[in-house]
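Work through the exercises below with the structure open. Try each task before reading its solution.

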Amino acid sequence: MIKKFNANNVMKGRIAWQMQMFCNSGAIKFEKGAKRNTCIVIVDESQIEKRELDYLYEKLLTKNREIKEVM
C-alpha cells in the first residue's frame with residue numbers, strides 16, 4: 001500500500017538521514033510540494049518492515065499529515 005504525506009524540509013532531512021536505506025531502495029520517495037520548503041513523502045509500505053513503519057509514523061511523520069485520496 002502506498003501512502004502520501006505532506007512534509008517540510010526539516011522532516012524530509014530527518015527521514016532521509018534516519019531511514020537512508022529505504023530512501024536509496026525506493027521505498028520512500030520525495031516529490032516537490034505545492035509551496036516553498038514543502039514536499040510530499042511517498043511511502044511504499046510493502047517494502048518496509050512493520051517495526052520501521054511504526055517508528056516512521058510515530059516519530060518522523062504523523063497521521064494528520066497524510067494526504068487522503070478522494071475516490
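**Exercise 1. Find the bridge partner of alanine 7 in β3, then describe the sheet.**

Step 1. Alanine 7 has cysteine 39 as its bridge partner in β3. Strands here are DSSP runs of E with at least two residues, and helices are runs of H or I with at least four residues, both numbered from the N terminus.

Step 2. The model is a predicted one, in which local features need pLDDT of at least 70 and side-chain atom pairs pLDDT 80 or more, while totals for chains, interfaces and linings use all residues. Residues are numbered from 1 along each chain as its sequence is written, and side-chain values use heavy atoms, without hydrogens and water.

Step 3. β1 and β3 pair in the antiparallel sense over seven bridges; two strands pair if DSSP finds at least two bridges between them. Strand β2 (residues 28–32) is joined to strand β3 (residues 38–44) by five bridges, also in the antiparallel sense.

Step 4. The three strands make an open antiparallel sheet with the order β1-β3-β2. Its edges are β1 and β2, each of which pairs on one side only.

**Exercise 2. State how α1 and α3 are arranged towards each other.**

Step 1. The axes of helix α1 (residues 9–18) and α3 come within 12 Å and cross at roughly 155°. Axes are lines fitted to C-alpha atoms, for helices over the stretch in contact, and angles run from 0 to 180 degrees between N-to-C directions.

Step 2. The two helices are therefore roughly antiparallel, a label for angles over 145 degrees; under 35 is roughly parallel, 65 to 115 roughly perpendicular and the rest oblique.

Step 3. On the α1 side, Met11, Arg14, Ile15 and Gln18 meet Tyr55, Leu56 and Leu60 of α3. Contact means heavy atoms within 4.5 Å.

**Exercise 3. Is lysine 3 buried or exposed? Is glutamate 52 buried or exposed?**

Step 1. Lysine 3 belongs to strand β1 (residues 2–8). Its relative accessible area is 12%, so lysine 3 is buried. Buried means under 20% relative accessible area, exposed over 50%, and partly exposed in between (1.4 Å probe, protein chains only).

Step 2. Beyond its neighbours within four places in sequence, lysine 3 is in contact with residues including Val41, Tyr57 and Glu66.

Step 3. Glutamate 52 sits in helix α3 (residues 50–60). Glutamate 52 counts as buried because its relative accessibility is 18%. With neighbours within four places in sequence left aside, glutamate 52 is in contact with Met19 and Phe22.
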